[in-house]
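Reader: I have a structure open and some questions about it. Can we go through them one at a time?

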Amino acid sequence: MRVWALPLALLVLVACVTQSAAHRRAARPPAIVPMRAAHVDPDRLAKRLAAIQPGWPRTRSFDCGRIKCVALTFDDGPGEHTGRLLDMLRRRGVLATFFVLGQMVAADHGPHLARRIVHEGHEIGNHSWSHPALTGLSDEGVRRELRRTSELVRRLTGVRMRLMRPPYGATDPHVARETRREGLAQILWNVDTLDWRDRVPAIVARRAGKAKAGSIVLMHDIHGTTVQAVPRLLDTLSRRGFTFVTVSELYGRPPVPGREYTERR
Ligand SMILES: [Zn+2]
């Protein structure tokens, strides 16, 4: 017997007994036994069920101090190739970290892609609103660039971002101070694929293949050639025994706001 069948049977029984008692008395109208199930709002239930996706929310945990981990990171999107990249990563069961630009999230398919990034279990980080060198901005300017993107992503996905990547990797103590105030850790990299310069999938894959245990690999999902390089670099790194993790998973705990991270040593 199913778990819910017993209480249901009891309810029906109670209903029958109550009804026949009411009939015997005849003066009173039949008692209405409330059915709990009738109080579930079908719209709310449907929404709740739709939100439950296989394996989500994920609770993965890796000891990257012992196993070979690598964090693949994609900047400057979401763009026209991001959907294809997400399909690829989903097929291979690989999670990455996306440092998104606010103005890209706000554009055309940006909201949909930002939601996909989050719902498919990837980590999302702040790459500013419009990609300026934050070192050239006032405190207020840095804050505006970060806050605007954080608020948009939060409104669209419900996620409060914990990571940021300064455009061009340009940071200094004043940028560090503002990121700390905004609750964002600064994530740099130690493997640069230079995929923005060399638009050749084989070259991008070879450079990413130079990752070591604990590496953070820099790529850009706005380039079709980078997305084309992904299957090959996943093959290379898998063959070398790497586990693909998000940046937070790489460290095993939430990175500290304001602090700079370039790899896990
Ligand atoms: Zn960038």
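Reader: Is the crossing of H8 and H9 left-handed or right-handed?

Author: The crossing of H8 and H9 is right-handed. Keep in mind that this is a predicted model.

Reader: What angle do H8 and H9 pack at, and how far apart are their axes?

Author: The angle is about 40 degrees, and the axes are 8 Å apart. That makes H8 oblique to H9, because angles under 35 degrees would count as roughly parallel.

Reader: Which residues make the contact?

Author: From H8, they are Pro201, Ala202, Val204, Ala205 and Ala208. H9 brings Thr225, Gln228, Ala229, Arg232, Leu233 and Leu237.

Reader: What is Leu233 in contact with, leaving aside its neighbours within four places in sequence?

Author: Leu233 is in contact with Leu72, Ala205, Ala208 and Met219.

Reader: Which residues touch the most other members in the largest nonpolar core?

Author: Leu72, Phe98 and Leu233 do, in a core of 43 residues. At least two residues of this core come from each of S1, H3, S2, H5, H6, H8, strand S7 (215-220) and H9. H9 gives the most, with 6 residues. There is also a second, separate core of 13 residues, with Cys64, Cys69, Leu250 and Tyr251 among them.

Reader: Changing topic. What are the protein donors of the zinc ion?

Author: Asp76 donates through OD, while His127 and His131 each use NE2. These donors lie 2.1 Å from the zinc ion. Their spacing along the chain is D-x50-H-x3-H.

Reader: Where do Asp76 and His127 lie?

Author: Asp76 is in the loop between strand S1 (69-75) and H3, and His127 is in the loop between S3 and H6, so the pair ties together parts that are 51 residues apart in sequence.

Reader: Is Asp76 buried or exposed? And His127, buried or exposed?

Author: Asp76 is buried, with a relative accessible area of 13%. His127 is buried as well, at 2% relative accessibility. The cut-off for buried is under 20%.

Reader: Now H5. Which of its residues are buried?

Author: In H5, which covers residues 110-119, the buried ones are Gly110, Leu113, Ala114, Arg116, Ile117 and Val118. They pack against helix H3 (82-92), strand S2 (97-100), helix H4 (102-106), strand S3 (123-126) and helix H6 (139-157).

Reader: What follows H5?

Author: Gly121 does, with a positive phi near 95 degrees. Just after H3, Gly93 takes a positive phi too, of about 65 degrees.

Reader: What do the buried residues of H3 pack against?

Author: They pack against S1, S2, H5 and H9. The buried residues themselves are Thr82, Gly83, Leu85, Leu86, Met88 and Leu89.

Terms used:
Residues are numbered from 1 along each chain as its sequence is written. This is a predicted model: local features need pLDDT of at least 70, side-chain atom pairs count only at pLDDT 80 or more; totals for chains, interfaces and linings use all residues. Side-chain values use heavy atoms; hydrogens and water are left out. Buried means under 20% relative accessible area, exposed over 50%, partly exposed in between (1.4 Å probe, protein chains only). Helices (H or I, at least four residues) and strands (E, at least two) are DSSP runs, numbered from the N terminus. Contact means heavy atoms within 4.5 Å. Donors are N, O and S atoms within 2.8 Å of the metal (3.2 Å for Na, K and Ca); water is not among the atoms, so sites may look incomplete. A nonpolar core is a set of buried Ala, Val, Leu, Ile, Met, Phe, Trp, Tyr and Cys residues joined through side-chain atoms within 4.5 Å. Axes are lines fitted to C-alpha atoms, for helices over the stretch in contact, and angles run from 0 to 180 degrees between N-to-C directions. Angles under 35 degrees count as roughly parallel, over 145 as roughly antiparallel, 65 to 115 as roughly perpendicular and the rest as oblique. A crossing is left-handed if the near helix is turned anticlockwise from the far one by less than a right angle, and right-handed if clockwise.
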